[in-house]
Amino acid sequence: MSVRHGLLALLAEQPRYGYELRGEFEARTGSTWPLNVGQVYTTLNRLERDGCVTAGEPSASGARHESGQKYYEITATGRGEVTAWFTTPVRRESRPRDELAIKLALAVGNDDVDLASVIQAQRSDSIRALQDYTRLKARATVGDLAWSLVLDAMVFQTEAEVRWLDHCESRVLQARRAAGAPTVALPAPAAAAPAADGVRR
Amino acid sequence: MTAVEQGVLVLTDVVRTHGTGEGRVHALQGISLAVRPGELVAVMGPSGSGKSTLLHLAGGLDQPTSGQVLVEGTSLAGLSRKALARVRRRAIGYVFQDFNLVPALTAAENVSLPRELDGVSARSARKEAQALLAEVGIGELADRFPDDMSGGQQQRVAIARALVGDRRLVLADEPTGALDSTTGEAVMALLRSRCDAGAAGVLVTHDARHAAWADRVVFLRDGRVVDQSVYRAPEEALAP
C-alpha cells in the first residue's frame, strides 16, 4: 500500500492541511492502515519535491487559515499520477513478501516442526479475523459503502488464505500417504511440493 | 443450570461407527459440543471429516453408536419413532443447500405445513407463517410459489419454515451453496439475526467466509474436533 498515492488521491479531491490528510485517510479506510505523522510529512515533502503538490498558504478560496500549517494543493503532474494509480491494477508481486508462504516452505523441510499444527494455527487465526471482519461488516450502516468494501477486500483475501491453507493441508496429507506406502515410496523432495506451490500463489 | 441453559443442543462423547470388522469406518470419534440459545456454531472440515454425520445425529436422522444427543434437554436415544418425529417437528428446523420447498405449495403454505402437521389449525398456522415471512423480509411474497422466487427468497422461506412454531434449533447444511456471493451473504446475515433473536444454529459449510458469521467455528478432522475459533470483540481485530 503506497502512502504516496493514498495522500495524492485525497488531495485530488480538494486541497487540505497536512494534519487533515492523516485523519481523512484513516477515516476513509477504517483505520485499517494506520499512518504516523512522520510518514505523512515525509511523503508530502517528497511529493512537493517531485512537483506533484504545492505547499503554501490557503488561497482566497475561503479555506480557514491556520497559522504555521502548510496547505497542500495538487498539481497537474500530481493529478496525472493519481489517474495512473487508479487505472493500474495492483500487482501481487509489488506487495511485501508473503511471510506465511515462506514460513510453510521452511516448515516443510524441518522435521522438528509439525506442519499440520502450523497450518491449523494459521487457519484458526485467519477464521477469527474473518469473524471479526464479518461482525464489523454486519454493523456497518448502509451509508458506509466505502468502509464496507474495504472490509470485503479483507474478507476475500483472508478467505483465499484459508482456502490455500486447506489446499496445503491436503497436499501434505497426500505426500505423507504416498511416502508411507512401501511400494510407491517417494523421495524426500516430493514433500516440498505443497509449499513450493504455495509460494507461487 | 438446567439442561436447556447448557444448550439447546448438547452432544456428549458422541461416537458414530459405520460397518463392522475390517470395513469399519469411524465417522465420529467422541464429539462433545453444546450450542446455546443465541449462538451460531459453524462446523468446517474436509469431506469425510464427519460434519454431515454430526448434523444428522443432531437432527435425529441418525443414531450415535455411543454417547448422547440432547435437544432442548431431551435425549433423542430413548425416544420412540413417534416421539422422535414429534421432537423433530417441534424443536428442530432444517435448512438445506437446495431449499427443499414443496413446489406445489405457496411460501406461506410451505412455512405453515409443519404447524398443521402438528395439529395447529390452518388459520393460526397461516397467521404464524405470515408473521415469520415478514420477519425474514419477504412478507409480501407469501402467496408466491417456490418456482416464482429467486434462490435467495426460497432460502428465506426455508429459514422461516425451520423456525416456525418457536423451534429454536436450526441445522443448516451448506445453506448458501446454491446462491451467489451477495445473496449467500444476505442469507447468512438472516441466519445470524435469527440466532441473535434467540435461536441456536449449527451451520455446516466449507466456505470460510460464511463460517465467519458464527460465534464459534469448530474444525473437524477424521471425526474429531481439532480446534475451535471463538469470536472476539471486533474492536480487538483492528487495534494497531
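Reader: Before we start, how do you number things, and which parts of the model count?
Author: Residues are numbered from 1 along each chain as its sequence is written, while chains are lettered from A and ligands numbered from 1 in the order in which they are written. This is a predicted model in which local features need pLDDT of at least 70 and side-chain atom pairs count only at pLDDT 80 or more, whereas totals for chains, interfaces and linings use all residues.

Reader: What makes S2(A) and S3(A) a pair of strands?
Author: Strands (E) are DSSP runs of at least two residues, and helices (H or I) are runs of at least four, numbered from the N terminus. Two strands pair if DSSP finds at least two bridges between them. Here 4 bridges join S2(A) to strand S3 (residues 71–74) of chain A, and the two run antiparallel, so they meet the definition of a pair. Within this pairing, Thr54(A) stands opposite Glu73(A).

Reader: Why are strand S1 (16–17) and strand S2 (53–56) of chain A called edge strands?
Author: The open sheet of 3 strands in chain A has the order S1-S3-S2, with antiparallel pairing. S1 and S2 of chain A each pair on one side only, so they are its edges.

Reader: How do you know how helix H1 of chain A is turned against S3(A)?
Author: Axes are lines fitted to C-alpha atoms, for helices over the stretch in contact, and angles run from 0 to 180 degrees between N-to-C directions. By that rule helix H1 (residues 3–13) of chain A runs at about 85 degrees to S3(A), lying across S1, S2 and S3 of chain A.

Reader: What is the sheet in chain B like, and what is left at its edges?
Author: Chain B has an open sheet of 6 strands in the order S6-S7-S8-S3-S9-S10, with mixed pairing. Strand S6 (92–95) and S10 of chain B each have a single partner strand, so one side of each has no neighbour in the sheet. S6(B) is joined to strand S7 (residues 169–173) of chain B by 4 parallel bridges. There, Gly93(B) has Val170(B) as its bridge partner.

Reader: What makes two residues count as a contact, and how many does each chain supply?
Author: Their C-beta atoms, placed from the backbone, must lie within 7 Å. The contact takes 18 residues from chain B and 20 residues from chain A.
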